[in-house]
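Please open the model in your viewer and keep the selection panel at hand.

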Amino acid sequence: MEQDYDAHRIENRWQSHWNESSIFEPEPDEREKFFITIPYPYLNGNLHAGHTRTFTIGDVIARHKRMLGYNVLYPMGFHVTGTPIVGLAELIENRDPQTMNVYSRLHRIPDDILETLTTPERIVDYFSVEAEKAMRSIGYSIDWRRKFTTTDDTYKKFIEWQFNLLHDKGLIVKGAHPVKWCPNDNNPVEDHDILHGEEATIVDYTLIKFTHKNMVLPCATLRPETIFGVTNLWVNPDIEHAKIKVSKEGCEEIWVVSQEAYRKLTFTDRTVEFIENVAGKDLVGIKVKNPLSGKEMITLPASFVKPGNGSGIVMSVPAHAPYDYLALKDLYDKDLSEYGITEDLQEIELISLIEAKDFKEYPAVEAVEQLGVKDQNDPKAEEATKIVYRREFHSGILKENTGKYAGVAVSKIKDILTRDLLDEGIGEVFYEFSEPVVCRCGTSCVVNMVKGQWFLNYSNPDWKDKVYKCIENMNIIPEEIRVEFNNKVDWLKDKACARKKGLGTRLPFDTNWLIESLGDSTIYMSYYITNKFFAQGIKTEQLTPSLFDYVLLGKGSVQQTAIDTGLAETLIANIKSDFDYWYPVDLRSSGKDLVPNHLLFFLFHHVAIFEKDKWPRALAVNGFVSLEGQKMSKSKGPILTLREAVDTYGADVSRMYILSSAEQTQDADWRNAGVESAKKQVERFYKLAKEIIDSGATSGIEGELKLIDRWMLSRLQQCVRETNNDMTSIRTRGALQNAFFLLYNDLKWYQRRGGSAVLYDVLDVWVRLMAPFTPHICEEIWSAMGHEEGNFVSQAAYPIFCPRFIDNDAELAEELMCSTLSDIEEIIKVTKLTPKMAVLYTAPQWKVTAFKIALKMKHNEDLNAGKLIKTLMADPDNRKHGKEIPKYVQKIVPDISSMKTERFEMLLGMRLDETTILRENIGCLSNEIGCPIQVYNADEPEYDPENKSRFALPLRPAIYLE
RNA sequence: GCGAGGGUUGCCCAGCUGGUCAAAGGCGCCGGACUUAAGAUCCGGUAUCGAAGGAUUUCGUGGGUUCAAAUCCCACCCCUCGCACCA
C-alpha cells in the first residue's frame, strides 16, 4: 500500500486488472442468475451527474448481488433514435453560439472535434466512445461485449420484428389524434416553439347537439351529465355567428356556431363549409329541442358567453352552474320584447340532478347566496362556480331524474355518458386548449386532428389488465410508487408511435413513418443477450423474424430457423439457451422521470410480447440530481459530466458521494462541499486500513476475547445486518451510513477503549462490506491484506449477518460505560466543578433483584406494582428497605411496561456485574474525566460522605464528585 | 384541475410499523489539542433554564385519538414534480 491515497493510480490499476481478467463478462452457469438493467443513456451529450446516480445505483446492486453469489449480468447500450441528435447536429453545423459554448465548456469537447460533429452519425460515434470511457473510468461492472446503439442495422431488424408482431396482434392501430397545431406553419407545434401557453393542455369537451328546425346549435361542456338539468340555451346577442355545413363520416348537418368556433372546427376531422353569417340576436328567443329529452326550450341573451370558448353557444343549467343562475336572475325584470320573448322567465323551473355533500336542492343558488354574488359580472361568480363544480365532482351522485345513470358518481359519469351520446348521434367530442396557445410565429394555434397516424393501442382494456397483473406480481422499490404506476396505467391512452423526422427504424408495414423513439426502447433488454452473438459477425439479413420468434418466443424449430437464416443449429440453440437463462429482467432501476413513460411502455410491451415467466420481476426508481441547487440542462447548462467528477474527485469518492447524498426517490443535490467531505471520509478509510495492515495485525477472532472485543464484533454484525437490509430495499444512503459511517465511529471508539485484538477481522469484513460502493480502494486494501493476484474483493463473499457474534451483555456493558461517562460530564458541566475524585456506586442487590423480577413479570404479561411490592416484601432480607421499595417500584414499573420489545428482550437476558465492569475500566474512566475514580457497590460503600449511594439504579450508578 | 411526493432543530437531511426523541449524520459556528502560524487532523460544545445526572418549550397551522404523538386520524395553509407525442 502506498503512503498516501492516490485515487487515480489505484483506480487505473484495478480497472485494468478487472478488464484483463474479464470478471464482469458472465456466462450462464449453475449459479442463480441476476439480470439487472438501467435505461441506456440518450447520447446528445456527455454523461452527467444525473446518469451517475442511476448508473451507480445499478452498479452497486450488481456488485452486491455478485458478491452474494449470484451470476450477475449488467449490460449497457446507447439510445440515439429520435430528433434531438439531429437537432444538435444542425445547431453545431450552424455554429449556434450557445450550443458551441455549452458543449465546449461544460461537455468539455475539444473545439477541433466539436466542429466536426455536424452530422447525427458523427455525434453518435463520438458520444458512444466517450460514454463508454466515462463508465469505465468510474468502475462500473458492465459486460461491454453486449453494447449496441439503437441505429445498428441488426437492432433495426429486432425492432421491425417487434412492431410486426404488435401489428399482427392488433395492438397497433390507425387513427386520428389531436395535436397543438399552427395554421400558419401548417405543422404541429412542439413545446419549444410555443410563445404563450406552454402550460396549455388539450381538454376534451362534449359537444351536445341541440336543434332548431333542421339547424344544430351545438353546446360544448365539460359536464355532459348536466344535460338533464338544462332549462334554456345562452346566446350572446352581440356577436356574429356562422351557419356552416359540417360533414363527418358521410353525415351532413347544418350547424350554427361562433366565428371562432367555425375556424376551430375546420381543423378537426370534419369537413366544414361556410354558408352565411348569422347575427347573434337573431338566435335569441328561438325554440330549441333538447336532443335527449326532446323537450323544447328557449334561447336567451347572455353577455358572459365568450365566442372563443367552445362553440359560442352555451347550455344553461341554473341549478348547478352559478353563472347560469345569475344570468337567468338578471333577466327576470328585463324587457326582452326586442327578441320576441314574452313569457315570464320566473316560471322557468330549476332542475336539480345532482345530490352533493353539504348542498341541498340547488347548489348554484346556495353558493351564490352564501358568497353574496350580485350578478353575472361579479368576480365572485367565478369563485362560486369553482366551489360548486369541485364539490359536485368529488361528492356528487346523479339523482333519479337522470334515468339509467341514477346513482352514478359525477366523477365517473363523463366517459360513460359521452360514449352513449356519441353512439346516439346527439353528442360529439370537441378538443380545446385549456388556455390560448400562440406559436413562435405569432399565430394563434388550434387543435388539429392528425389523420392516418399509427397508435400503440395502450387504452386497450385487455392489454391494461395484463399490465396490472404484471405490476401486482412485481417487486416495486420503493413500494409507495406502486400506486403511482397503477394510476398511470389507468390514465394512459393510445400513443402515437410514428414520426416523420429523426433517427430510427421505419415502420415495417408503412415505411413512410419512423418508429417513435420511446416505442423502440421497450424490450431491448432481451437484445443484450442476443447481441453478444450478433456482434460476432452475423449478417443483418440473417436476422429473420423466425430467428427472433424462435429465440425469444420459442416458436418454430431450430431446424427451420437454421434453414431460414443459414446459421448453424448449434449457434441458434446457444442463443436461445442464453436467452432462457438470463431472461426475465430481475431488476430494472431507473430515474423517476421515466415512470410515466418509458417504464410504463416497458411493462406494456413485455406483457404483450412475452409469456408470464418472462415478465420483469422488479422495478426500482431513484430521484434526480441537481447541481449546487440548480436544475441541470444538457443543452443550456449547468451540467457536471461524469468524467469531470471522476477526474476531479476520483471514482470511489464520486460513487460514495452520489450514493450517500439522497435516498430512493428523493432528489439529490450535487455540491462540491459535500464531495470534498466524502473525499475526506475515503481518505480516512484508507489511512485507518493502512494503519491496521502496517501494524502487522492478524486475525484475533479465535483467541481470547475481552469484553470490548466482543462489543466490537457484536456492533460489526449489527452493521452487516443493517447494510444488507438497506441494500435489499436499495437504500444506498442507509447502507453507507451503516457500512461506513457507523462502523467507522465504532472502530474509533474500539481503539479509544484500547481494543486491538480483532482489528484485522473487522477490516476483513469492512472491506468486503464497502466493496460494492468503493470498489477500487477496497481492491487495493484487500490485496494489501495479503490476498494474492487474481483474488478480487469484487468476487469475494459479501458479509452476511452472523447472529453468534451478537453479544448483548457486551453492548450493555459498553452502554453502561458511555452513559456513566456522559452523566459525570453533565454534572461537571452544570456544577462547573473540577473534581479531584469521582466515586461511583452501583445499584444495591435488592434493586437489581426487583428490576429483574419486574422484567420477568412483564415477560409473563403480569406486571403490576402492587404484586411486585408484595413479592419483594416476602423476602426478609428486603424488609429493611421497606420504606424505599414502594417508591422504587413506582418508578421502574412504568419504565419497564412502556419499554420496546427489542430493548426489553435485551435486558431480560442481561447478566452483568456492573461493579466489576466499572472497576475493570477505571483506567479508561479516569482518563476521560481527568481524576481518580473509585467504584463501590451501594450495599457496602467504603466511602460515601453525602449518602449518594442511595440514588444508585441498575445500569445507572450513583455519582459523587469531590 | 387531475395524479404523486414533501413541509423537522442555523442550513442540508434522518426519524414517521406511537414510548430508548431535545430528536442520528453532515455542514456551519464556538472552544480545546497539535502547529512558529495558517491549513489539515483529532477532541468537546451547539433549543431554553438549572451549582448533581434534572426541568421546560419544540418537529407547517388548528383540532382529535392515546397513559403517551415528529410519528396515527381530520381539516387547513404552503412547496416541488408529472399531465403525452418530447427524450
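Predicted model: local features only at pLDDT ≥ 70, side-chain atom pairs only at ≥ 80, totals over all residues.

C818 counts as partly exposed, because its relative accessibility is 35%. How many disulfides does the structure hold? The number is zero. Select C802 next: this residue is likewise in no disulfide, and the nearest cysteine sulfur, in C719, is 14 Å away. With a relative accessibility of 28%, C802 is partly exposed.

**Salt bridges**

Side chains of opposite charge can pair when their charged atoms come close. Across the whole structure, a search finds 47 salt bridges.

Select E225 and R223. These two residues form a salt bridge in which the closest N and O atoms are 3.7 Å apart, and both are buried.

Move to K404 and D420, another salt-bridged pair, with the closest N and O atoms 3.7 Å apart. This pair links distant parts of the chain: K404 is in the loop between β16 (397–398) and α13 (410–423), whereas D420 is in helix α13, 16 residues apart from K404. Is K404 buried or exposed? K404 counts as exposed, because its relative accessibility is 65%. D420, by contrast, is buried, with a relative accessible area of 18%.

Now display helix α23 (residues 672–694) and select K690 and D694, which both lie in this helix, four residues apart, or about one turn. Their salt bridge has its closest N and O atoms 2.7 Å apart. K690 is buried at a relative accessible area of 9%, while D694 counts as exposed at 52% relative accessibility.

To view a network, select E25, E27, D143, R145, R146, K532 and D578; salt bridges with shared partners join these residues.

**A surface patch**

Select K169, K466, K469, K555 and K612, which form a positive surface patch. Within this group, K466 is found in helix α14 (residues 461–472) and counts as partly exposed, because its relative accessibility is 38%.

**A buried glycine**

For the last stop, select G139, in the loop between α6 (120–137) and α7 (153–168). G139 is buried, with a relative accessible area of 1%.

Note on methods: Residues numbered from 1 in each chain as written. Chains lettered and ligands numbered in written order. Heavy atoms only, no water. Patch = residues over 30% accessible without salt bridge, like charges linked within 9 Å, V, L, I, M, F, W, Y side chains within 5 Å. Areas by Shrake-Rupley, 256 points an atom, 1.4 Å probe, with all protein chains shown as cover. Salt bridge = Lys/Arg side-chain N within 4 Å of Asp/Glu carboxyl O. Lys, Arg positive; Asp, Glu negative; His and termini not counted. Charge placed at Lys NZ, Arg CZ, Asp CG, Glu CD. Helix = DSSP H or I, 4+ residues; strand = E, 2+ residues; numbered from the N terminus. Buried < 20%, exposed > 50% of the residue type's maximum accessible area, 1.4 Å probe, protein only. Disulfide = S-S within 2.5 Å.
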